[in-house]
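Open the model in your viewer and show the whole chain. The stops below go from the chain as a whole to single parts.

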Amino acid sequence: MCYIYCCGLLPDTLEGWLDYYSRALKTKCIGEDGFVLDAEKLIFCLTGRKVSVTKKAIQSIEEITGPYPVMYSMNGGRSGHFVVVENGKIVFNPLEVSQNVNKGEPVSVREIRLA
């Protein structure tokens with residue numbers, strides 16, 4: 001959902017979100033649990049744009065211009081929850097409440113650049 005948001009694809013309905021999810025599953029860009037397996041392929045599948053996605057470790061979201069997916073974690077990054085950060089602030093959270101965001105720290109960002 002965060003990559004969909006970052007691409008400017010904001011469905012107005014649940015059916016719209018499910019259509020993107022279904023397309024991503026069919027093209028094997030995401031796993032059945034929703035985990036992104038290939039971010040570059042996912043963005044190409046949804047938008048037709050070629051991008052590069054770089055994962056970087058972070059300790060703060062203040063310098064992130066974004067919009068980029070940022071992983072928050074309570075256990076040092078082994079698992080967590082993704083939100084979208086733009087201009088140093090969380091602008092999209094696919095969950096109403098996330099303990100990783102509320103009690104954890106930002107651990108990594110996925111920077112998206114046009115290829």
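Accessible areas here come from the Shrake-Rupley method with a 1.4 Å probe, and for residues, only the protein chains shown count as cover. On that basis the chain exposes about 7200 Å², and carbon and sulfur atoms supply 51% of that area.

This is a predicted model, in which local features need pLDDT of at least 70 and side-chain atom pairs count only at pLDDT 80 or more, while totals for chains, interfaces and linings use all residues. Residues are numbered from 1 along each chain as its sequence is written, and side-chain values use heavy atoms, with hydrogens and water left out.

Colour by secondary structure next. The chain has four helices and five strands; these are DSSP runs numbered from the N terminus, helices being H or I with at least four residues and strands E with at least two. Along the sequence the pattern is α-α-α-β-β-β-β-α-β.

Now select residues 68–73 and 81–86. These are strand 2 and strand 3, antiparallel and joined by five bridges. Which residue in strand 3 stands opposite M71? The residue is F82.

Conventions
Pairing = 2+ DSSP bridges.
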